[in-house]
Amino acid sequence: MQALVVDDSRVMRTILTRLLTDLNFDVVQAGDGAEALAALDAGARPDVALVDWNMPVMDGLTFIKKCRQNPDYRDVVLMMVTTESEHSNIVQALAAGAHEYVIKPFTDEVIAEKLEMLGLIAR
Amino acid sequence: MVNTPITSTDFSFVADLVRQRSAIDLQPGKEYLVESRLVPLMRVHGENELGGFVGRLRRGDQKLIDLVIDALTTNETLWFRDTAPFDVFSKQLLPDVARTSSTKRLTIWSAACSSGQEGYSLAMLLLDWLPKNPGYEAKVIGTDISRRMIERASAGKYSQLEINRGLRVPYLVKYFDQVGRDWVLKKEVRDLASFKWGNLAQAPVGHPQCDVIFLRNVLIYFDPPTKKKVIENCRSVLRPGGYLVLGGAETAPSLGPNWKRFDVDRAVVFQHLGGGS
Amino acid sequence: MIDPAELAAAQPDLEMLLVEMIASVLGEQAEPTGERLPPAVGLAVSRLVIQDANDGSFLGIEVRAEGTLITTLAATLLGVAEPAPDDMLDVIAELGNIAGGNVKSLLCHNGQLSLPSAQLVFEQSGEAPDAIRAAAGLLGNVMELVVMPLPAADPQTRWPSGSAQHEAEVSSL
């Protein structure tokens, strides 16, 4: 299994990468939405992308919309992982094509539970 | 990591306390559980080691005793915990009990409901199902040994950390309102579910007949005679043809000839075939 | 513009938010405390701004901690033996970001949250009289979360791509 972690915070990328690696994912990192799209365009086909919302260059919501517009990327499961924690944000993210949504702060088991719910891991 | 292991005398004192109050049986070997639940309480109450903390329980600090009972009888609760039992409920159990129901009024019991996540998860699934099946009514009843948990469940209000735990996000946006950083279940969900105090080891009084009972991850806490009593109490309110759902992690006990076991995915389900225990 | 009384009433929620954040992100048990950060000590500070969608007013958010604490946390979170200043800045920035989003749901629905700006400083700047402060103790140290109404956003504030504030910046270049 492969995962793409998209976050402008190196700390958050490190935390998520460590967690996903423990769950047997190979992890590719991107520092913003544009880098993430570039990784997909270059052929990366992650099973899941964990995407922050507020980032420079290209924000996570825009990334999710662009990702959903390209049929080549339709199998990538999109999970927003963000401090944006309002009802309206979550509705927007789902409408854009996100499958799941995790509000920061989260604990390790939160991510694992969501991945399990999405059928990406069995525990 | 617990750096203050519990002594065996303190452990048996706590186990006795819990047994008297809840019929839950903490056998030796469950020290880790007691430590992991008590250490946070101990810190909050200004003690540095469990000996001192248990000393306060021995001296009869009632408020602390209540908190300890709560801490030790409360399961970690998640929304849609373990996924599979809820899938089975929606896809198989609910359509089946609806088909065979003579009243078209379905009752689901969340036994040992803790802070209500299981009961409300079932209520949300019922809300998905009811509009597609006109003519039916449905309700969820949750019971728990802890009055504090019943208060919490009845309030239907959860922190951001709690709603992160296992709740499918489409359900969050559909069935919750945000109040500050907390999330409150919408009235339509709360109207479907009610919660009351109940001890599983005592014969249920005034409990309605049920179509499905969720009794998950509780039997492990009981000694064998109490376990039998709990299952008999469930049987006495489960209509013939109804279903008992147990936790996947617990070794399913042999329930006797009136039950038919079938496992779907990782859900452990027994159908009540009718007749006595 | 947020009502000062509403802001003051949110103090216990801010304390809880800080404790939750420390427990979830850092895995450390923290307790609310009345203690303050020592006056002259190396600090790591993260600053963010929320702009109210209705009236355009600004709310400032700061997360502050002693440099030594952030060094310890950076070592754990980033898995480096001797964290460099950049490591410390990244840690405090993300703590500010997490706190900021949560403050927004608490106090300023539908506002726009800026990106964090992190600094290592050697003395505390004065606090506005209407600032609301929450503090939590962990590992023998104090971490503070301060929320205050601001007359204007610092011109250096960075806004995320996709936000109206960012669009305005880009078009004014």
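Let's start with a term: a residue counts as buried if 20 or more other C-beta atoms lie within 10 Å of its own, exposed if 12 or fewer, and partly exposed in between, with C-beta atoms placed from the backbone. Thr83(B) is partly exposed, because 19 other C-beta atoms sit within 10 Å.

Keep in mind that this is a predicted model, where local features need pLDDT of at least 70, side-chain atom pairs count only at pLDDT 80 or more, and totals for chains, interfaces and linings use all residues. Residues are numbered from 1 along each chain as its sequence is written, and chains are lettered from A and ligands numbered from 1 in the order in which they are written.

Thr83(B) is found in the loop between α4 and α5 (84-100) of chain B; helices here are DSSP runs (H or I, at least four residues), numbered from the N terminus. Leaving aside neighbours within four places in sequence, Thr83(B) is in contact with Glu116(A) and Met117(A), where contact asks for C-beta atoms, placed from the backbone, within 7 Å.

What about the contact between the chains? It takes 15 residues from chain A and 12 from chain B. On the chain B side, helix α9 (residues 169-175) gives the largest share, 4 residues.

Now look at helix α4 (residues 62-73) of chain B. The buried residues of α4(B) are Val68(B), Ile69(B), Leu72(B) and Thr73(B). Seen down the axis, they fall within an arc of 115°, so they line one face of the helix; that arc is taken over the directions from the helix axis to the C-beta atoms.

Terms used: Two residues are in contact if their C-beta atoms, placed from the backbone, lie within 7 Å. Helices (H or I, at least four residues) and strands (E, at least two) are DSSP runs, numbered from the N terminus.
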